[in-house]
Amino acid sequence: MEPVYFRIIGIGIGKATENAVKSIKEKAPVATEVTLAETCGHITPRPHDRMVILMAEKATEEFIAVARRFHEADVLTLAVVTEVMDSPEKIVNSYTVKPIDEFAETAEILMSIILDSPMVSLDFHDLWSLMAIAPRFYISKAMAGGADRIKKAIEDADKKLGESMSQDTVRFIMILYMNPDSPKPLRMNEIPALTDYIAKFPHTDVAWGVYRAHSLPDDKIEIAIISSGIK
């Protein structure tokens, strides 16, 4: 049997968490295991695990116990929760705070870096490097179409991140999603909008990639930004 390298685990009883897990499971690629765990005693790292994304409303004792098992096993341990965590560096590599209705999108963005079909590729090492330097990460995504669509999407994604993007940001990842089957394909003269944004952070380590997203409508593109390492 093919080993599973990446795991997404929803922890706790609740319809919202269950729906998030169901949404992700419907889109999950072969190398990903997506589960909902009402009890956590049996959840342990496996020899082939490389990353786990834990989703929970609250950092309960069970959640902390599971996270610590993966973290101590040197598995990249990420958490998506609804509240700020105490002493997260002892439990996870990094975490983000999101409303439950954004759990699925957050996990999907993180997984897309590793498993989606790229045109300009990022990889697991890029994600590991980003998440290893700070106990908290910030993530947003925005869609735009028409003239200046990349610029509009970047501005919307940046606005959602708020103060988490600043000159003190040490590292961030930017992902451009485009539909290769669109009647209005991405053109080279649109890319400067992306590089102009990156140029605003001259002392920041930036990784970026371009990925195919066949489900995007018409002339739309999407931009995702993941930042961490704020001084």
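Helix 4 (residues 124–131) is largely enclosed by the rest of the structure, because 6 of its 8 residues are buried, where buried means under 20% relative accessible area, exposed over 50% and partly exposed in between, with a 1.4 Å probe and protein chains only. The model is predicted, so local features need pLDDT of at least 70 and side-chain atom pairs count only at pLDDT 80 or more, while totals for chains, interfaces and linings use all residues. Residues are numbered from 1 along each chain as its sequence is written, and side-chain values use heavy atoms, with hydrogens and water left out. Helices (H or I, at least four residues) and strands (E, at least two) are DSSP runs, numbered from the N terminus.

**Helix 4**

- The buried residues of this helix are Phe124, Asp126, Leu127, Ser129, Leu130 and Met131.
- At the start of helix 4, a side-chain oxygen of Asp123 comes to within 3.1 Å of the backbone nitrogen of His125; a polar contact is a pair of N or O atoms within 3.5 Å, and within protein one must be able to donate a hydrogen and the other to accept it, with residues adjacent in sequence counting only if both atoms are side-chain atoms.

- An open sheet is formed by 5 strands in the order 2-1-3-4-5, with parallel pairing, and two strands are said to pair if DSSP finds at least two bridges between them.
- Strand 2 (32–37) and strand 5 (94–97) are the edge strands of this sheet, each pairing on one side only.
- Direction ignored, neighbouring strands of the sheet are turned by 15 degrees against each other on average; the axes are lines fitted to C-alpha atoms, for helices over the stretch in contact, and angles run from 0 to 180 degrees between N-to-C directions.
- Strand 1 and strand 2 are parallel and share 6 bridges, and the bridge partner of Ile9 in strand 2 is Thr35.
- Strand 1 (residues 6–11) also pairs with strand 3 in the parallel sense, over 5 bridges, with Arg7 standing opposite Val52 in strand 3.
- Strand 3 is joined by 6 bridges to strand 4 (residues 76–81), which runs parallel to it, and Leu54 has Ala79 as its bridge partner in strand 4.

- Together with helix 2 (residues 61–72) and strand 4, strand 3 makes a right-handed β-α-β unit; a crossover is right-handed if, with the strands pointing away from the viewer, the path from the first strand over the helix to the second runs clockwise.
- Contact means heavy atoms within 4.5 Å, and, leaving aside neighbours within four places in sequence, Met51 is in contact with residues including Tyr5, Arg7, Leu78, Met111, Phe124 and Leu127.

**Nonpolar cores**

- In soluble globular proteins, nonpolar side chains tend to be buried together.
- The largest nonpolar core has 38 residues, of which Met51, Ile53, Met55, Ile175 and Ile226 touch the most other members; such a core is a set of buried Ala, Val, Leu, Ile, Met, Phe, Trp, Tyr and Cys residues joined through side-chain atoms within 4.5 Å.
- Helix 3 (residues 103–115) gives the largest share of this core, 8 residues.
- Another core, of 21 residues, lies apart from it and has Ala142, Ile150, Leu176 and Ile225 among its members.

**Helix 3 and Ala104**

- Helix 3 lies across strand 1, strand 2, strand 3, strand 4 and strand 5, and runs at about 175 degrees to strand 3.
- Ala104 lies in helix 3 and counts as buried, at 11% relative accessibility.
- Although Ala104 and Ser23 are 81 residues apart along the chain, their C-alpha atoms are separated by 6.6 Å.

**Ser140 in strand 7**

- Ser140 is found in strand 7 (residues 137–144) and is buried, with a relative accessible area of 5%.
- The side chain of Ser140 reaches the backbone oxygen of Ala157 at 2.7 Å.

**Two loop residues with positive phi**

- Asp74, in the loop between helix 2 and strand 4, has a positive phi of about 65 degrees although it is not a glycine, and its relative accessible area of 57% makes it exposed.
- Asp218, in the loop between strand 9 (205–212) and strand 10 (221–230), has a positive phi of about 45 degrees and is not a glycine either.
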